[in-house]
Structures are given as structure tokens and as C-alpha cells.
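I set out to record what I looked up in this structure, entry by entry.

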2 protein chains.
Amino acid sequence: MSYNELQNHMQRIADVNYAAATLGWDQETYMPPGAAGFKASQLSTLSGITHQLFTGDKTEALLSSLKNSVGLSEAEKKNVAQIEEDFNRQKKYSTEFVENMSRAVSDAFNAWQQARKESNFKLFAPYLEKLIAIKKQECELLGYQGYPYNALLNLHEKNATVAELDVLFTDVRKELVPFVKKVQQAKQVDNRFFFQHFDRDTQWQFGIELLKQMGFDFNRGRQDISSHPFTTSFSQNDVRVTTRINENDFSEMIWSCIHEGGHALYEQGLPAEQYGMPLGEAISLGIHESQSRLWENNVGRSLAYWKHNFALVQKHFPEQMKNVSALDFYKGTNRVEPSLIRTSSDELTYHFHVMIRYEIEKQIFEDKLKVNDLPDYWNAKYKEYLNIDVPNDAQGVLQDVHWSHGSFGYFPTYSLGSFYAAQFFHQATKEMPNLLTEIENGNTHNLLNWLREKIHKHGKFYTAQELCIKVTSEKLNFAHFMHYAATKYGTIYGLG
Amino acid sequence: MSYNELQNHMQRIADVNYAAATLGWDQETYMPPGAAGFKASQLSTLSGITHQLFTGDKTEALLSSLKNSVGLSEAEKKNVAQIEEDFNRQKKYSTEFVENMSRAVSDAFNAWQQARKESNFKLFAPYLEKLIAIKKQECELLGYQGYPYNALLNLHEKNATVAELDVLFTDVRKELVPFVKKVQQAKQVDNRFFFQHFDRDTQWQFGIELLKQMGFDFNRGRQDISSHPFTTSFSQNDVRVTTRINENDFSEMIWSCIHEGGHALYEQGLPAEQYGMPLGEAISLGIHESQSRLWENNVGRSLAYWKHNFALVQKHFPEQMKNVSALDFYKGTNRVEPSLIRTSSDELTYHFHVMIRYEIEKQIFEDKLKVNDLPDYWNAKYKEYLNIDVPNDAQGVLQDVHWSHGSFGYFPTYSLGSFYAAQFFHQATKEMPNLLTEIENGNTHNLLNWLREKIHKHGKFYTAQELCIKVTSEKLNFAHFMHYAATKYGTIYGLG
């Protein structure tokens with residue numbers, strides 16, 4: 001059997017997977033509320049079909065005929081090897097397990113929406129309990145070394161382990177926590193200008209302009225509104241981002257837009273000729289997040305960026321911005337302040353939010369923490385790390401969608417992403433000494449090309465660890481993030 | 001094997017079919033242009049999967065175990081019988097044929113869009129040629145009596161034949177053609193007020209109000225914009241309509257909105273507990289169209305309707321409507337005038353448009369008309385029946401999407417729908433003597449209930465022919481339409 005046959009087979013599976021992605025996108029953007037039940041059933045059936053197609057005899061026959069075949073290119077070999085790895089993992093699941101999981105996720109998602117609306121964790125608890133039970137089964141199915149939780153981490157970030165993350169978060173605790181304390185003792189920067197009235201349509205227009213400027217290709221993608229911004233794709237030629245607009249907080253739209261735009265540029269930069277194959281897919285969630293964070297923080301929260309774009313803000317919102325300068329705006333966007341909500345937190349305390357979720361998840365999967373105790377535990381941790389009181393479940397333990405999706409082991413990739421981003425951006429500025437000047441001129445073309453060449457176009461050819469070394473000549477190193485943070489915030493807050 | 005197993009199996013197939021419908025909807029509403037290729041491949045794969053699932057051994061085993069089983073209810077028996085009929089038809093297609101067809105349709109659709117944009121039939125011709133060749137194969141696969149075209153007619157309207165349609169269109173020619181001539185000799189009514197500037201957002205809002213008033217359930221459906229209005233559903237609880245808005249012609253939005261609303265009420269009225277089963281599906285395109293036409297024409301172009309709703313028009317567009325009365329508005333909405341475009345034609349000459357397509361299709365499938373001769377033939381027929389010159393392909397032979405979808409044998413259902421609508425509405429007014437008064441008061445609640453009870457809730461329990469007799473005590477009878485037309489337009493145009 002030929003490599004071509006494998007490719008056709010994988011493309012067929014991708015067709016169904018991307019169809020499911022389309023339904024998922026619809027679910028979060030346009031679906032009328034009454035449609036939820038049947039939509040869940042449709043998603044469950046599609047997940048079962050892709051699982052059957054992928055784990056069936058055909059894949060096995062194709063792989064065994066190809067894996068020792070000579071004459072494959074390096075890229076083809078990588079694809080075959082990666083498919084085999086996925087195949088061996090997927091074979092551990094029964095189709096029934098996959099469909100059950102899909103249904104449990106849809107139910108949990110609907111329950112979570114209601115629970116959050118009513119700010120009542122109890123409405124969500126039984127569904128979460130059920131999901132956790134399924135995920136524990138999944139850990140056993142997949143197998144793991146050390147912690148069961150490692151099995152889940154590995155689903156989102158290949159080779160990630162509790163041991164390594166513990167080291168990383170120890171660094172966070174040792175270096176970032178005291179640094180944030182120092183920042184908090186300095187004179188606070190003003191960001192009140194964000195909290196005026198900003199017309200919805202004008203914000204939307206501004207967001208589209210920012211996406212275009214980044215290089216988002218609207219011929220191969222679009223933006224819509226959803227209550228939780230996300231990026232999804234239905235092929236490399238159809239990448240969808242969503243944003244949300246708060247008319248009383250201008251910042252929400254801006255950074256959700258740039259963040260999702262960063263994810264989308266990665267998806268649009270994956271090679272379309274590898275549709276359905278691993279080399280047409282993103283490496284890992286951590287690397288995906290490195291792309292969104294790099295644009296959101298290293299670019300979108302830089303002084304250079306606002307030296308250029310503040311004029312655009314002023315054009316759209318002259319009244320609101322009449323007493324604000326580009327420097328004020330830049331400083332305001334970088335106000336460090338412990339807060340309740342992860343997605344709107346500053347880029348330093350952000351990692352405390354992630355740490356809390358990581359600790360909770362670890363303990364859930366070591367059977368040390370019960371679902372019913374989650375709200376109290378959550379609130380205690382927010383007091384401990386962020387020194388704030390959580391007023392209700394909606395702004396506390398119910399704030400994130402992830403657990404309702406069954407996505408345990410996902411949150412740590414957010415911190416990994418930021419740390420990779422700092423390291424990649426540092427490397428980019430080393431290789432392109434004019435980069436900041438270019439950004440000041442509204443030109444991110446060379447940066448995007450650099451990312452395309454160094455990261456996007458490779459798909460899954462390298463692992464995250466290999467890519468990091470290839471691009472930056474060293475392993476992931478928290479020092480880059482810490483250096484970036486200390487320099488930037490040291491200046492903003494005037495810390496000697 | 002149990003009936004329940006059949007139901008689960010059919011629901012799974014429906015899940016995939018509705019997923020494909022979701023992708024189809026996205027294709028026509030939100031899809032970025034660059035995504036077309038992969039979307040086509042996804043749709044083709046999904047169509048192949050449903051075909052494999054439905055024509056596989058499992059369906060056969062379930063059917064043969066159930067079709068002679070005792071203890072099934074009448075409804076269950078109907079479902080089994082209908083599924084068997086569909087199964088026997090679908091078995092005639094290979095999966096390869098189905099996937100080829102799906103791909104040819106996607107390619108033809110993209111070519112048609114481009115051809116129409118450039119008003120150049122030649123760009124579409126080779127794709128149309130290919131599609132027609134596939135459809136001719138399909139006629140042979142399906143088998144037919146008399147004309148090959150009967151096989152295609154039957155796909156859209158079970159039991160429809162060239163013989164019967166020829167009789168119907170002879171009536172049209174004999175009665176409607178001379179009546180329209182009489183109308184054309186009378187003093188023309190004024191509809192210039194439609195062609196002012198009507199703000200897009202206000203039109204949108206007005207359309208939503210009309211849908212709500214009809215009883216469209218926005219909890220189980222929504223409206224979006226597309227270049228060609230259509231209705232689709234992803235379950236009985238998720239019915240999507242689209243409309244288009246022309247800021248310089250108010251009438252387009254109004255009747256596309258009411259028309260699609262009529263289709264949608266049928267879909268929303270199908271029993272959700274029959275999800276995936278024939279009794280949860282519409283009978284035929286003709287009956288579907290009867291629902292849209294009934295709302296569009298018998299309700300939406302009635303004096304009673306505008307006696308109520310003209311005040312709403314005036315509220316939204318006081319400037320544009322300041323010298324117009326409800327009666328003027330009503331008359332203007334019913335201006336009879338031969339025109340180029342079927343979808344915006346009046347409800348009388350509309351049938352001449354259908355007749356032309358019917359004659360063309362018949363001849364194509366009798367090998368009497370070649371693709372390359374289509375534009376000239378089209379233009380000659382428009383001269384003959386409508387006495388107008390077709391200025392270009394875009395407004396002529398390329399105006400309709402259907403052929404690019406491979407939908408031959410579809411157009412006649414539009415006329416059938418109007419004739420059924422007149423007959424059903426006549427029956428409704430007989431059974432509910434206050435109906436027109438209710439409509440005058442903006443109350444279509446009883447009408448909707450009547451349609452729900454008499455038509456919607458039965459799904460495919462009856463054939464179109466059976467339903468017509470059950471509801472109106474007679475077969476489809478063109479006299480009802482002709483009587484409706486003669487009375488209404490006789491009054492509007494003052495024909496003695």
C-alpha cells in the first residue's frame with residue numbers, strides 16, 4: 001500500500017474531524033439555545049465515527065505496510081511515525097468510550113453554562129464529578145508513569161510531566177511572586193481610561209484592523225462574536241477566531257483579538273498540502289499558546305506597538321482618548337494587579353491563576369480533593385496567592401470553560417506558552433535587530449515571516465522540545481520570561 | 001432486532017446528515033472564500049459516510065427483521081416501510097458515485113458563482129456538462145418508466161411524472177397565460193415606493209418582527225444573511241433561515257423573509273421525537289413549497305395582512321411611506337409584470353419562469369438540448385412566454401443556483417407548491433371562517449395551529465397525494481389556484 005493511500009485515508013478522517021469543529025464553532029457562536037441536545041448527539045456521533053475510522057483495520061494495515069518501507073522522504077517518515085503514535089494511543093479507547101465522553105462533555109458544558117449564569121457550583125458539580133470519573137478511567141486506559149495526571153498532561157503537551165511542571169512553577173514561586181510583590185509596592189499606573197463607554201461597532205472595526213495589520217488572512221478566515229473568545233479551524237484555509245466586546249472595558253476586545261489572532265496566524269501558517277497529516281497540524285498546545293502570547297504580550301503590550309497603534313485608537317475614540325498619550329496607554333495596558341478572572345489578568349499574575357488550577361488538578365487526580373470541596377479550596381488559594389476574596393462561584397471556580405470540556409491538564413500549557421513566547425521573541429529580536437523599530441512603524445511582516453519559517457511551516461515535524469532547541473539553541477528556560485518581565489515592568493514601575 | 005435499534009441507527013445517520021447540513025449552511029453564510037476546496041472535500045466525505053452507513057448490512061438486517069414483525073404501531077410501520085423504500089433506492093448508488101456527485105456539485109457551485117459574477121455562461125458550461133452526465137447515469141441507476149427525467153422528478157416529488165406535469169402546465173398555458181394578458185391590458189398598479197432607500201439594519205429588524213409574528217421560534221432557529229435566501233435545518237430544534245437585503249428594493253427582504261419563514265414553520269412543526277425517522281421529515285418539496293407559498297402569497301400578499309402590518313412598515317420607514325396607504329401598499333405588492341428574475345417575479349408570471357425551466361430540463365434529459373445551446377434557448381423562451389429580452393447570462397440562464405447543485409427536476413415543485421398552497425388555504429378559510437379577520441388583527445396563531453395539525457405533525461406519514469385528499473377532500477386541482485388568482489387580481493386590476 002502506498003503513502004498516498006494513507007494520506008487519502010487521513011484526509012477523510014480530517015474531513016470528519018473538521019466537520020465536528022464546524023459544529024463546535026456553531027455551538028459557541030450562532031446556535032439557538034433549543035438546539036443544544038441534538039447538537040450534542042451529532043458531535044458525539046462524529047467523534048465516534050472518526051475514532052472508528054482512525055482505529056480501524058485500514059489504518060493498521062497502512063501503517064504496518066509503510067512503517068518499514070524504503071523511499072519515504074523525511075517528512076513522510078515523520079508523518080507515518082506520528083500517525084502510528086496517535087494510532088497506538090487511540091486504540092486504547094473504545095468507540096463507546098469516545099462517544100460517552102463526547103456526550104458527557106456536551107452535558108457538562110450545558111450544565112456549566114447554566115451554573116455560571118446562576119453562579120451556583122452545585123448545578124455543575126454532578127456533571128463535573130461524572131467527567132472526572134471518565135477522565136480517571138482515561139488515565140488508566142492511557143497508562144502513565146508516576147502520577148495519573150501525567151497521562152492527561154501528555155494529551156495536551158507531549159512529554160509534559162508533573163515533575164517538570166513542578167520545577168517550572170517553583171521558579172514562578174521563587175522569582176515571579178517576589179517580583180510582583182515589589183511591583184505592588186511601587187506607584188500604581190493608571191488604566192481608568194479603559195473603563196469608559198466604547199461603542200460596540202467601532203470596537204469591532206478596530207479589532208478587524210488590528211487583525212489585518214498582524215497579517216490575518218480574511219480570505220482564509222473570519223472573526224465572529226462568542227461569549228468566550230477562541231480559535232478553531234476547519235482546514236488551513238479556514239481559520240475562525242472569535243472575540244467578545246465589552247462596551248465598558250475597551251481592553252477585553254483588544255487583547256482577545258490579538259491573542260486569538262496569534263493562534264490563527266499559526267493555523268493559517270500550517271502547510272495546507274499537509275491537510276489531514278501531522279505535519280499539517282500544530283505541535284502542541286504550549287507551542288500554540290506561545291504564538292498567541294507572543295502577539296498578545298511581547299508585541300501587543302509593547303511600547304513599540306502602541307507608538308504606532310495609539311493613533312488608530314485616537315482616530316476611533318477621540319473623545320475617550322483626548323487626555324491620554326501613547327505612553328499612558330502603554331502603561332495602562334500593563335497595569336499589574338491581582339484580580340479574580342484569569343482571562344483578563346495582567347501577564348504577571350496570570351501565572352498565579354494557572355498555578356492554582358494546576359495544583360487543583362494534580363490533587364483531583366491524586367484523589368486528594370473532592371468536587372464538592374472545590375469552591376472552598378479555590379477561594380482559599382485565591383486568598384493565598386492573589387490575596388483576594390472571591391465573591392461568588394461565577395467569578396471563582398466556575399469562571400473557566402475548560403473543566404466542562406473535560407480539558408484537565410490543559411491550563412499548564414498557558415504558562416508554558418508564555419514562557420516559550422518570551423524565549424522565541426528574545427531570539428527573534430536577536431536575529432532581527434530592527435524588529436522593534438519595525439513594530440513601531442506598524443510593520444510586523446518580518447516577524448510573521450520569521451514565525452512562519454521557524455515554527456509554523458513545520459507542523460509537527462519537531463516536538464516542542466526539539467523546536468525550542470532548534471529555534472533558540474536551548475531548552476525552555478524560564479529565565480527569558482523573567483528577564484522580559486523584570487526589564488519591562490521594572491521600567492514601567494520605576495523599580496531601580 | 002428491535003425497532004429501537006433501527007431508530008438509533010437512523011439517528012446516527014441523521015447526525016451525520018445534519019452535520020453536512022451545518023457545513024452547507026456555513027458555506028452559504030459565513031465561509032471565507034479561500035475555504036471552498038476543503039469544504040467541498042468535507043461535504044463529499046460526509047455524504048459518502050451517510051451513504052455507507054445507510055446502505056450497509058446493518059440497515060438491511062434491521063429492515064428484514066422488522067418489516068414483517070408484529071406489534072409495531074401504524075407510525076412505526078410507516079417508518080419501516082419508508083426506510084425500506086429509501087434503502088432500496090440508495091442501494092442503487094455506489095459510495096463512489098455519491099462522493100463523485102458531491103464533489104462535482106461543489107465544483108459546479110463554485111464555477112457557477114464565478115460565471116454568474118462575470119455573467120459568462122462559458123465558465124459554467126463544462127461543469128454543468130459533467131453534472132448532467134452524472135445525472136443521466138443517475139437516471140439509469142434509478143430506473144424509470146417513460147422519460148428518464150421521471151427518475152429525477154421522483155427524487156424531489158415522489159410519484160411526480162412528466163405526464164402529470166404536462167397536464168398541469170397545459171392548464172397554466174390555457175388559463176393563466178390568457179388571464180395575465182388581460183391583467184396586462186388593465187391599468188398598471190404603482191409600486192415605485194419599494195424602490196427608495198431602506199436602511200439595512202431597520203429592514204433586518206422589521207424582518208425579524210415579521211418572523212416572530214408568524215410564530216417562528218427563535219429558541220429553535222435563527223436568521224442570517226446569504227446571497228440566496230434558503231431554509232435548512234440541523235434538527236427540528238434548529239431551523240435556519242436566511243434572507244437578503246437590498247437597500248434599494250424593500251420588497252426583496254419582505255418576501256424572502258416570509259417565504260423562508262413558511263418553510264421554517266414546517267420544519268419546526270415536524271415532530272422532534274421522530275428525529276432521524278421519515279415521520280420526522282417533510283413529505284416532499286412540493287408540500288414544503290406549499291408552506292412557504294401559503295405564507296408568502298396567500299397570507300403575505302393579502303390585503304388582510306397589510307391592513308395589520310402596514311402600520312409597522314410606517315413605523316420603521318415613516319419618510320418612505322408618508323404618501324402610501326395600506327391599500328396602495330397591498331396593490332403594489334401584487335403588481336403583475338413579466339420580468340427577468342424568477343425569485344422576484346409576481347405570483348402569476350412566476351409559473352412561466354418555472355415552465356421554461358421544466359421544458360428545458362425535459363429536453364436536456366431527452367438529449368434534445370445541448371448545454372452550449374442553453375443561453376440562446378433560454379433567451380428565446382423568455383421572449384416567447386414573457387416577451388422580454390434577456391440582457392446577459394447573469395440575469396438569464398445563470399440566475400438560479402439549482403443546476404449547479406445538480407437539482408434537476410426540482411423547479412416543477414415550485415409550481416406544485418403554489419397550487420397546493422391555494423388549495424390548502426382555501427380549505428383553511430372554509431374551516432376557519434374568521435381567518436381573514438384574524439390575519440387583519442395580526443393573529444396567525446390559529447392558521448399555524450391548523451397547519452401544524454393538518455400537515456406538519458404528520459411528517460412523511462402520508463404521501464403528498466394522500467395528504468392533499470385527507471386535508472382538502474380532493475386531489476391537487478389547479479382550479480383553486482386559478483380561482484384565487486382570478487378573484488384577487490380581478491379586483492386589484494378592476495377586471496369586470
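The entries below concern a sheet, a helix and a pair of domains.

**Entry 1: the sheet in chain B.** I noted at the outset that the model is predicted. I then looked up the strand order and found three strands of chain B in an open sheet, arranged β1-β3-β2, with mixed pairing. Here β1 (221-225) and β2 (231-235) of chain B are the edge strands; each has a single partner strand, so one side of each has no neighbour in the sheet. On average, neighbouring strands of this sheet are turned by 20 degrees against each other, direction ignored.

I next examined one pairing. Strand β3 (residues 238-243) of chain B runs parallel to β1(B), and five bridges join the two. I also recorded that B:Thr242 in β3(B) has B:Asp224 opposite.

**Entry 2: helix α10 of chain B.** Does the length of this helix agree or disagree with what its residue count predicts? At 1.5 Å a residue, the 20 residues of α10 (residues 250-269) of chain B should span 28 Å, and the end C-alpha atoms lie 29 Å apart, which agrees. I checked burial as well: 19 of the 20 residues of α10(B) are buried, so the helix is largely enclosed by the rest of the structure.

**Entry 3: the domains of chain A.** The domain assignment lists domain 1 (3-143) and domain 2 (162-492) in chain A. Their C-alpha centres are 26 Å apart. I found 36 residues of domain 1 in contact with 34 residues of domain 2. On the domain 1 side, α1(A) gives the largest share, 12 residues. By class, that side has 21 nonpolar, nine polar and six charged residues.

Key. Residues numbered from 1 in each chain as written. Chains lettered and ligands numbered in written order. Predicted model: local features only at pLDDT ≥ 70, side-chain atom pairs only at ≥ 80, totals over all residues. Pairing = 2+ DSSP bridges. Helix = DSSP H or I, 4+ residues; strand = E, 2+ residues; numbered from the N terminus. Axes fitted to C-alpha atoms, helices over the stretch in contact; angles between N-to-C directions. Expected span 1.5 Å × (residues − 1). Buried ≥ 20, exposed ≤ 12 C-beta atoms within 10 Å, placed from the backbone. Domains from an automatic or database assignment. Contact = placed C-beta atoms within 7 Å. Nonpolar A, V, L, I, M, F, W, Y, C, P; charged D, E, K, R; others polar.
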